[in-house]
Amino acid sequence: MSLRLGDVAPDFSVATTEGPIKFHQWLGNSWGVLFSHPADYTPVCTTELGAVARIKAGFEKRNVKVIAVSVDPLDSHLGWIKDINETQACTMNFPIIADEDRQVASAYDMIHPNADDKATVRSVFIIGPDKKIKLTLTYPASTGRNFAEILRVIDSLQLTAGHKVATPADWHEGDDCIVVPSISDQDARKLFPKGIRKVKPYLRYTPQPNR
Ligand code: BEZ
């Protein structure tokens, strides 16, 4: 069965381009983004890994470690990294897992046989410091991901983990948030001293509480 939100992210020990990694130990107290790509030396994947390398500081600022995976071997990853650095205006700065025996791909259900019976699809797992899965995304091989959206989601996940708010459509850091429905108006006024704006009884906004 595929992994669901709230499940513990499966642990694994693997070879990566930055040496052997025991996943949970490597994560430590950080958040994690584990993302798969179909194959090395392919164009969309090349742009994706370059995009993540260029915004690595954005992940670090949020206490997030990123790690990529495909079922290609380590020597292939290491050769491909040279092309990524050459073509994507970056220096690769995060590990790529060599998942030749598909232990990660299987544990995270990253191979979707009706799409491709060998290659991993473009999966994204965001994992909290409690090692539980907070978000999953699945893209087909033909569509490169928007990593600014991954950072935006992490902002929402980290905010809503600590405050009784949710974030509306297209929310970005600094925008007003939604007061969760389980809180009464009276409690909301106490919890959110910057005030609440009540549009409907179920639709109440408050300025972002942690700014
Ligand atoms: C790519 O990364 O460009 C790609 C990989 C597999 C299938 C199609 C595109």
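Author: To begin, N63 is partly exposed, with a relative accessible area of 39%. Please keep in mind that the model is predicted.

Reader: Where does N63 sit in the chain?
Author: N63 is found in the loop between α3 (56-61) and β4 (64-70).

Reader: What is the phi of N63?
Author: The phi of N63 is near 60°, which is a positive value in a residue other than glycine. R102 also has a positive phi, near 65°, and is likewise a residue other than glycine.

Reader: Where is R102, then?
Author: R102 belongs to the loop between β5 (96-98) and α5 (103-107).

Reader: Let us turn to the ligand. Which residues are around it?
Author: The residues around the ligand are P38, T42, P43, V44, C45, R122 and A141. By class, this shell has 5 nonpolar, 1 polar and 1 charged residues.

Reader: Which element gives the largest share of that shell?
Author: Helix α2 (residues 43-54) does, with 3 residues.

Reader: Which polar atoms lie by the ligand's oxygen atoms?
Author: A polar side-chain atom of T42 lies 3.0 Å from an oxygen atom of the ligand. For R122, a polar side-chain atom is also 3.0 Å from a ligand oxygen atom. P43 contributes through its backbone, with an N or O atom 3.2 Å from an oxygen atom of the ligand.

Reader: How much of the ligand does the protein cover?
Author: On its own the ligand has 260 Å² of accessible area, and the protein covers 72% of that.

Reader: Why is R152 classed as buried?
Author: R152 counts as buried because its relative accessible area is 17%, and the class takes values under 20%.

Reader: What does the side chain of R152 make a polar contact with?
Author: The partner is the side chain of E149, at 2.6 Å. Leaving aside residues up to four places away in sequence, R152 touches D170, W171 and H172.

Definitions and conventions. Residues are numbered from 1 along each chain as its sequence is written. This is a predicted model: local features need pLDDT of at least 70, side-chain atom pairs count only at pLDDT 80 or more; totals for chains, interfaces and linings use all residues. Side-chain values use heavy atoms; hydrogens and water are left out. Buried means under 20% relative accessible area, exposed over 50%, partly exposed in between (1.4 Å probe, protein chains only). A polar contact is a pair of N or O atoms within 3.5 Å; within protein, one must be able to donate a hydrogen and the other to accept it, and residues adjacent in sequence count only if both atoms are side-chain atoms. Contact means heavy atoms within 4.5 Å. A residue is near a molecule or strand if one of its heavy atoms lies within 4 Å of it. Accessible areas come from the Shrake-Rupley method with a 1.4 Å probe; for residues, only the protein chains shown count as cover. Helices (H or I, at least four residues) and strands (E, at least two) are DSSP runs, numbered from the N terminus. Ala, Val, Leu, Ile, Met, Phe, Trp, Tyr, Cys and Pro count as nonpolar, Asp, Glu, Lys and Arg as charged, and the others, Gly among them, as polar.
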